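Welcome! Here is a guided walk through one protein chain, taken a region at a time. Keep the view open as you read and look up each residue when it is named.

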Amino acid sequence: MRGVKLELRCPQRVHGIIADPQIDWSFDELLSELNAVDHKLQASSLVPLPFSKTHSSDLSVVVHAEKNRKSFVMHVSDDDDDDDVVNGGRFGCDEIYLSDDVDSDSDSSTGAQCSLMDKGGVIEGALIELSHEHQLSVAEEIRTRISAFGTDFTNEKEKLTNALSRAEKSKEARRELDRKRDLQYQRIIAEALDNHLTDVQRHHEYKSQIEEKKIRDDAAIEEAKRKQKALQEEKVRQEKMKSEEAKRQAEKKREEEIKAKAKAKALEDERAAKEAAIMSMAESQRKAAEALTASKELNKPSSGNVVKGAESGLKMEERRVQMYKEVVGKDVVSEMDSNKEYRSHGMQMARRIKTITGTKENVRTKADELVKLMNSTFPQSINIGIFADKIVSQSTNASSNSVLYGYGHVIVMVTSKIPHAMEILLAKLNKVCIFTVPKYLSYSEGAFESREAYYRAIGYEEEDGKLESTDTYVGRLTQHMKLYAALIQTEVDGFRNLHGIEEGWKWLARFLNALPANIYTGVALQAFIELAGFGMYKRYKNQFKKLLNIISQDFLKALKEREDPKVTKVVISLENYIQSNQFLKEPEGWRLQDSLLSHGFVPNESDDQQQYYSNNNSSGGYGYKGHQQQYNYNSPNRYVYQR
């Protein structure tokens, strides 16, 4: 009989439990071991095991099975003798080992033969067989339980791994969320801190601005107080001097009361005689002027080479000179030198003119004071002559352009009440500066005895018997031209400018048509454009731009061709003025201030803005006070005036 050998491979120990039962165990040991395994599995397993006992491991079961079992009969056949049949008797096997190994056939056969040869009862055989079956079933059940336990353990391990993975992911997500919240919280804190620092900085800047403004206001107030105190001290000093002078005059009057009355009568007679002499002198001078004009007409070809200027301008100059001689008569300067009272009167006018500033109140006050002085007991012709002389001479000492604009306002206010003063002033200005005509004298050996005589003719003055330098002459020329430019573009509400902006346009046209380009004419044009350019642009707009283009293309070109290094600065200044459109920008001082203490002056259109009105007629010209100017740009003489 060939036996079958069965080998079961399973883990030897799992969690301290012996998984492979031993064949040589006794039945009681096997039962106790199974019970121990059952208790350990129930105690250690997280999931209830499906294993439960289906029968009791009692010996009575074995006995009952033994009674019902039949005897085992074994037939043995021999390969040599097929006919022999051997009847076997009953036998029992204590141990049965089944194996799949073929090599174990001989051993199992030998063991079986030995077992068959042993005598035993039916009960022992059944018991052994039942023990063997029970061992196999127990081993299978143990393997099943171990397999279930391994599966449960693997599942639990996977669950635990998944749970740990989910927990790790949740922890990482929570950590990332906390990091984002920390970043957001830090960003919010940084923004709040930045906003706070910005507010603090703005607050400090605002406080510093307030402090600076307060300091400036305090300084301005202190300066105003200082000036006011100085004015009060000057006034007190003058009043004191006046009181002392009054005392001296009173004493003198008490001593020479009778002489004073006689002197007053003599002065009255002298004044009447002087006026009569002035009238007669004016008549004689008029006749002399007519004779001079006639002689000039006869000698016009020879003199035309020396004097350069527009005919209308030269005639206007002659008329003003004649009026000056008729009204004023002799030179005012020599008159003041010879007469103490005239000198004192001239000093009072000079003092008023010297203190003119670029404020409205100052200009009104000085104009009123000058009008009162010109309407004093002295002859008005003398007053007008003194006024013209002082304002022309004081203009050379003007500290800024704003002062010259103030001079222009005072002149307009005074001459609107005393009309003859405007022509006398212009005559004086034409005399000291021929470029205000405009007029130019060319040097000629036949017309002038020497270069010095020529320089005296164009306005050079003598200093200690010597002619002044060209720089000094050019500086004075500049101031006179600025005074003239400030005058022609000044408009004051309630007052009429007798020599207004249209006269400035005529001057500019005459200048460009007749005068040559040199250092003197270049400086005169620069000074005029600097102060009157803004006002002329406001009045004439594109027409003024065309004049500037002509200056740039013709006058400056001719000035450059002279290659005189002295005119380089003038050329650069005029080119910069035209190319940068400085005439569009309001010059400093052009608009009078309300007061010296005003830091942020805002103009009031009702009383301080200088306005220039131009009425376009059908022919494209501009109408001003009944006169019309038309411009012919195709003719050699570009500017033609028609009345």
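What follows goes from a single helix to its salt bridges, then to the nonpolar core and its aromatic rings, and ends with some backbone details. Please keep in mind that this is a predicted model.

Let us begin with helix α7. This helix has 17 residues and reaches 24 Å from its first C-alpha to its last, close to the 24 Å expected at 1.5 Å a residue. Its buried residues are Gly 313, Glu 317, Arg 320, Gln 322 and Tyr 324. Just after the helix comes Gly 329, whose phi is positive, at about 85°.

Arg 320 deserves a visit of its own. This residue sits in α7, which covers residues 311–327. Is Arg 320 buried or exposed? Its relative accessible area is 6%, and the cut-off for buried is under 20%, so Arg 320 counts as buried. Leaving aside neighbours within four places in sequence, Arg 320 is in contact with Glu 423, Leu 426, Ala 427, Asn 430 and His 499.

Glu 423 leads us on to the salt bridges. How many salt bridges does a search of the whole structure find? The count is 20. In one of them, Arg 319 pairs with Glu 423, with the closest N and O atoms 3.5 Å apart. This pair links distant parts of the chain, since Arg 319 belongs to helix α7 and Glu 423 to helix α13, 104 residues apart. Arg 319 is partly exposed, with a relative accessible area of 38%, whereas Glu 423 counts as buried at 17%. Arg 320 joins in as well: Arg 319, Arg 320 and Glu 423 are linked in a network of salt bridges.

Now look at Glu 461, which forms a salt bridge with Arg 476, the closest N and O atoms being 3.6 Å apart. Glu 461 lies in the loop between α14 and β5 and Arg 476 in helix α15, so this pair ties together parts that are 15 residues apart in sequence. Here Glu 461 is partly exposed, with 42% relative accessible area, while Arg 476 is buried, with 14%.

Next, turn to the largest nonpolar core. It holds 97 residues, of which Phe 435, Leu 508, Phe 528 and Phe 544 touch the most other members. Helix α17 supplies the largest share of this core, 14 residues. Apart from it lies another core, of five residues, including Leu 34, Val 138, Ile 142 and Ile 146.

Stay with Phe 528 for a moment. Not counting residues up to four places away in sequence, Phe 528 touches several others, among them Tyr 484, Trp 507, Leu 508 and Met 536.

That brings us to the aromatic rings, where the count comes to 20 pairs. The rings of Tyr 484 and Phe 528 have centres 6.4 Å apart and planes at 35°, so this pair is tilted. Tyr 484 lies in helix α15 and Phe 528 in helix α17, so the pair ties together parts that are 44 residues apart in sequence. Both residues are buried. Phe 534 and Trp 590 form an edge-to-face pair, 4.9 Å centre to centre with 85° between the planes. Phe 534 is in helix α17 and Trp 590 in the loop between α19 and β7, 56 residues apart. Phe 534 and Trp 590 are buried.

Tyr 443 belongs to an aromatic cluster that also includes Phe 448, Tyr 454 and Tyr 473. Over the ring of Tyr 443 sits the charged end of Arg 451, 3.8 Å from the ring centre.

Finally, some backbone details. Most residues other than glycine have a negative phi, and most peptide bonds are trans. Against that background, the bond from Val 437 to Pro 438 is cis, with omega near 5°. Pro 438 lies in the loop between α13 and β4. Lys 541 has a positive phi, near 55°, and is found in the loop between α17 and α18. Glu 563 also has a positive phi, near 55°, in the loop between α18 and α19. Lys 541 is partly exposed at 40% relative accessibility, and Glu 563 counts as exposed at 70%.

Key:
Residues numbered from 1 in each chain as written. Predicted model: local features only at pLDDT ≥ 70, side-chain atom pairs only at ≥ 80, totals over all residues. Heavy atoms only, no water. Helix = DSSP H or I, 4+ residues; strand = E, 2+ residues; numbered from the N terminus. Buried < 20%, exposed > 50% of the residue type's maximum accessible area, 1.4 Å probe, protein only. Contact = heavy atoms within 4.5 Å. Phe/Tyr/Trp six-rings, centres within 6.5 Å; stacked < 30°, edge-to-face > 60°. Lys NZ or Arg CZ within 6 Å of the ring centre and 35° of its normal. Expected span 1.5 Å × (residues − 1). Core = buried A, V, L, I, M, F, W, Y, C linked by side-chain atoms within 4.5 Å. Salt bridge = Lys/Arg side-chain N within 4 Å of Asp/Glu carboxyl O.
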